[in-house]
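Reader: I am new to this structure and would like a close look at a single part of it, the place where one chain meets another. Please take me through that part slowly, and then through what surrounds it.

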Amino acid sequence: MAALKRSNKPVFWSLFGAGGMLSALIGPMLILITGIAMPLGMVNSGYERAAAFAQNGFGKLAILLVISLFLFHGVHRMYHCVHDFGIHVGPGLKAAFHGFAALGTLAAGWLLLSIGV
Amino acid sequence: MRTYTRPMAGWWRRNPFYLWYMLREASCVFITAYALILLWGLARLSQGKPQFEAWLASLASPVSIAFHAIALLLVLYHAWTWFKVMPRTMPFVRIGGWRVPDGFIVAFAFAGSIVLSGALLIAVWRL
């Protein structure tokens with residue numbers, strides 16, 4: 001009998017759960033701030049301020065966590081949504097969805113490094 | 001050999017409960033898109049001031065404001081459902097043998113969300 005393969009489900013479920021929790025806790029306020037208040041000039045959204053936040057260690061971590069966990073949460077739910085619509089999902093599609101989130105995370109990390117301190 | 005597969009088309013439109021479920025699931029599209037908008041903003045920020053300001057100006061378009069308004073409502077609904085099932089997705093919380101009731105956990109999560117969101121708003125407003 002072949003050895004039982006360890007499931008990769010806990011990894012993706014944890015990322016989905018972390019993203020779900022983060023978006024439930026602060027998602028609405030973040031969307032209100034960056035999507036509505038900042039563009040409409042209701043809060044100070046100058047370049048210097050945004051750049052200072054992205055140069056700060058805490059700011060870098062916050063930006064990375066929000067982008068990465070929101071992506072992993074979103075793609076995981078989309079992957080299950082595809083099934084809900086009656087399309088049989090295989091490992092290829094799963095890899096594509098989660099790979100997309102992983103690429104987004106790498107891009108965010110690389111950009112934050114390139115912005116420097 | 002092909003086996004029979006039960007048709008699934010339109011199942012979620014037949015029952016309001018499933019419609020609400022699908023509406024909640026739709027929040028994932030908006031959360032993903034929102035993360036990509038932030039990622040795009042980060043890329044523009046790394047390029048310099050004019051690029052960042054152009055990104056911010058593009059967010060002021062009616063389409064963008066409408067997108068964020070819908071995203072806000074759907075993520076609020078996601079948060080509501082997320083906190084409501086929290087007691088069922090986590091182990092029992094016991095304090096000295098006393099099991100914390102489900103309602104307490106939900107209330108604690110809501111309070112945490114309000115406090116964190118308030119702190120975020122004050123930080124953005126005042127700093």
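**The contact between the chains**

Author: The contact draws 42 residues from chain A and 40 residues from chain B, where two residues are in contact if their C-beta atoms, placed from the backbone, lie within 7 Å. This is a predicted model, in which local features need pLDDT of at least 70 and side-chain atom pairs count only at pLDDT 80 or more, while totals for chains, interfaces and linings use all residues. Residues are numbered from 1 along each chain as its sequence is written, and chains are lettered from A and ligands numbered from 1 in the order in which they are written.

On the side of chain B that touches chain A, the elements that give two or more residues are α1 (16-47), α2 (49-59), α3 (62-89) and α4 (102-126) of chain B; helices here are DSSP runs of H or I with at least four residues, strands are runs of E with at least two, and both are numbered from the N terminus. The most comes from α1(B), with 13 residues. Sorted by class, this side of chain B has 29 nonpolar, 8 polar and 3 charged residues, where Ala, Val, Leu, Ile, Met, Phe, Trp, Tyr, Cys and Pro count as nonpolar, Asp, Glu, Lys and Arg as charged, and the others, Gly among them, as polar.

The largest nonpolar core also draws on both chains: of its 48 residues, I67(A), F70(A), Y34(B), A35(B), L38(B), L42(B) and V75(B) touch the most other members. Such a core is a set of buried Ala, Val, Leu, Ile, Met, Phe, Trp, Tyr and Cys residues joined through C-beta atoms within 7 Å, and a residue is buried if 20 or more other C-beta atoms lie within 10 Å of its own, exposed if 12 or fewer, and partly exposed in between, with C-beta atoms placed from the backbone. At least two core residues come from each of α1 (9-37), α2 (47-55), α3 and α4 (91-115) of chain A, and likewise from each of α1, α2 and α3 of chain B. Here α1(A) gives the most, with 11 residues. The core lies between domain 1 (26-50) and domain 2 (56-117) of chain A, because both give residues to it; the domain bounds come from an automatic or database domain assignment. The C-alpha centres of these two domains of chain A are 22 Å apart.

The next step is to look at each chain in turn. Chain A has 4 helices and 0 strands, in the order α-α-α-α along the sequence. Its radius of gyration, taken over C-alpha atoms, is 18 Å, well over the 13 Å that the globule rule gives for 117 residues, so chain A is more spread out than a compact globule; that rule is 2.2 Å times the number of residues to the power 0.38. Of the contacts in chain A with a separation of 6 or more, 72% join residues 24 or more positions apart, and 37% of its 117 residues count as buried.

Helix α3 (residues 57-84) of chain A has 28 residues and should span 40 Å at 1.5 Å a residue, which agrees with its end C-alpha atoms being 40 Å apart; the expected span is 1.5 Å times one less than the number of residues. Just after α3(A), G86(A) takes a positive phi of about 90 degrees. In helix α4 of chain A sits L103(A), which counts as exposed because it has 11 C-beta neighbours inside 10 Å.

Chain B, by comparison, has 4 helices and 2 strands, following the pattern α-α-α-β-β-α along its sequence. With a radius of gyration of 21 Å, well over the 14 Å from the globule rule for 127 residues, chain B is also more spread out than a compact globule. Of the 127 residues of chain B, 22% count as buried. In the loop between β1 (94-95) and β2 (98-99) of chain B is G96(B), which is exposed, with 4 other C-beta atoms within 10 Å.
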